Amino acid sequence: MSIELTEPAVAATIDHAILKPDFTRSDVDRELDIAAEWGVFSVCVRPSDIAYAVRRLDGSGVAVGTVIGFPHGTTSTAAKVAELQRAKDDGATEFDMVVHIGALRSGEDDLVTADIAAVVEAAGGPSSSGGHVTKVILETSYLDLEQIARGSRLTEAGGATFVKTSTGFAGGGATVEHVTLMRESVSPAVQVKASGGVRGLDAAVAMLDAGATRLGTSASATILGELRARAEGRAGTGAEDTSSY
């Protein structure tokens, strides 16, 4: 693991997911407040919630990210680009796009790379050159190991900052095996985000040990509460996890 196992260090790896389609405004408010209370790196919200989240989190130090082509990845490249441009106008600073899963499984590598590259370009280019952070969700539960490795390489070819495991809505989530494979399939210039099913401190630590540098989870309070409790010699946890993500 490349970070200290301290509350601030682990909080700095967390994108707090607020993506359930049935969330009401009060549900969103609760989750935004959790993100601010625990000082996570960012929230990842539904596109329609971006501007509201930016206003509510103003001054908290928590960044606002969103999803693109979520959760299936099958919208056109032009639609993904337009969605990102609107999200950027609304104040989002990080963008998690879903790869065209069918194209990846079909071996249409040029299409996959072009799709990623267009979204990266709309975000201002690679983050290493001053653009916004882009993350490519592979949806690993639909892929075999060869497809995960290839999708990771195509993510790098397209200029994205992160390759990411899952949406959390496809019946599967991050595994140590997949995170390790993704880390081994890209250069140090590309980071790995583990998301889907990361609901406790032990799972979070396992993903960080496997090479992830960012965690997508709705269980931020649980993870950080467990870490705080262990540091204080207690057995308690944080707030209850309210999502399947």
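Angles between axes under 35 degrees count as roughly parallel, over 145 as roughly antiparallel, 65 to 115 as roughly perpendicular and the rest as oblique. The structure is a predicted model, in which local features need pLDDT of at least 70 and side-chain atom pairs count only at pLDDT 80 or more, while totals for chains, interfaces and linings use all residues. Residues are numbered from 1 along each chain as its sequence is written, and side-chain values use heavy atoms, with hydrogens and water left out.

**Exercise 1. Determine how α4 and α6 are oriented to each other, and which residues form their contact.**

Step 1. Helices (H or I, at least four residues) and strands (E, at least two) are DSSP runs, numbered from the N terminus. Helix α4 covers residues 77–90 and helix α6 covers residues 109–122.

Step 2. Axes are lines fitted to C-alpha atoms, for helices over the stretch in contact, and angles run from 0 to 180 degrees between N-to-C directions. For α4 and α6 the angle is about 20°, and their axes are 9 Å apart. The two helices are therefore roughly parallel to each other.

Step 3. Contact means heavy atoms within 4.5 Å. From α4, the residues Thr77, Lys80, Val81, Leu84, Gln85 and Lys88 meet Asp115, Ala118, Val119 and Ala122 of α6. By class, this contact has five nonpolar, two polar and three charged residues. Here Ala, Val, Leu, Ile, Met, Phe, Trp, Tyr, Cys and Pro count as nonpolar, Asp, Glu, Lys and Arg as charged, and the others, Gly among them, as polar.

**Exercise 2. Carry out the corresponding analysis for α7 and α8.**

Step 1. Helix α7 comprises residues 145–157, and helix α8 comprises residues 176–185. They pack at an angle of about 40°, with their axes 8 Å apart. α7 and α8 are therefore oblique to each other.

Step 2. The crossing of α7 and α8 is right-handed. Leu145, Ile148, Ala149, Ser152 and Arg153 of α7 meet Glu177, His178, Leu181, Met182 and Ser185 of α8. The residues of this contact divide into five nonpolar, three polar and two charged.

Step 3. Gly151 also belongs to α7. Gly151 is buried, with a relative accessible area of 2%; buried means under 20%, exposed over 50% and partly exposed in between (1.4 Å probe, protein chains only). Gly151 and Met182 are 31 residues apart in sequence and 8.7 Å apart in space, C-alpha to C-alpha. Leaving aside neighbours within four places in sequence, Gly151 is in contact with Leu104 and Leu138.

**Exercise 3. Describe the span, the buried residues and the surroundings of α2.**

Step 1. The expected span of a helix is 1.5 Å times one less than its number of residues. Helix α2 (residues 25–38) has 14 residues and reaches 20 Å from first C-alpha to last, close to the 20 Å expected.

Step 2. The buried residues of α2 are Asp27, Val28, Asp29, Glu31, Leu32, Ile34, Ala35 and Trp38. They pack against α1 (7–11), β1 (14–18), β2 (42–45), α3 (50–56) and α10 (220–231).

Step 3. Asp33 is found in α2 and, at 38% relative accessibility, counts as partly exposed. Asp33 and Arg56 are 23 residues apart in sequence, with 8.6 Å from C-alpha to C-alpha. Just after α2, Gly39 takes a positive phi of about 65°.

**Exercise 4. State which residues of α6 and α9 are buried, and what covers them.**

Step 1. In α6, the buried residues are Val112, Thr113, Asp115, Ile116, Val119, Val120 and Ala122. Their cover includes α4, β4 (94–98), α5 (101–106), β5 and α7. Gly124, which follows α6, has a positive phi near 100°.

Step 2. In helix α9 (residues 201–210), Leu201, Ala204, Val205, Met207, Leu208 and Ala210 are buried. Their cover includes α8, β7 (191–195), β8 (214–217) and α10. Just after α9, Gly211 takes a positive phi of about 120°.

**Exercise 5. Characterise the backbone at Pro71 and Glu139.**

Step 1. Most residues other than glycine have a negative phi, and most peptide bonds are trans.

Step 2. A cis peptide bond joins Phe70 and Pro71, with omega about 0°. Pro71 lies in the loop between β3 (63–68) and α4.

Step 3. Glu139, a residue other than glycine, has a positive phi near 60°. Glu139 lies in the loop between β5 (133–137) and α7, and is buried with a relative accessible area of 1%.

Technical notes
Left-handed = near helix turned anticlockwise from the far one by under 90°.
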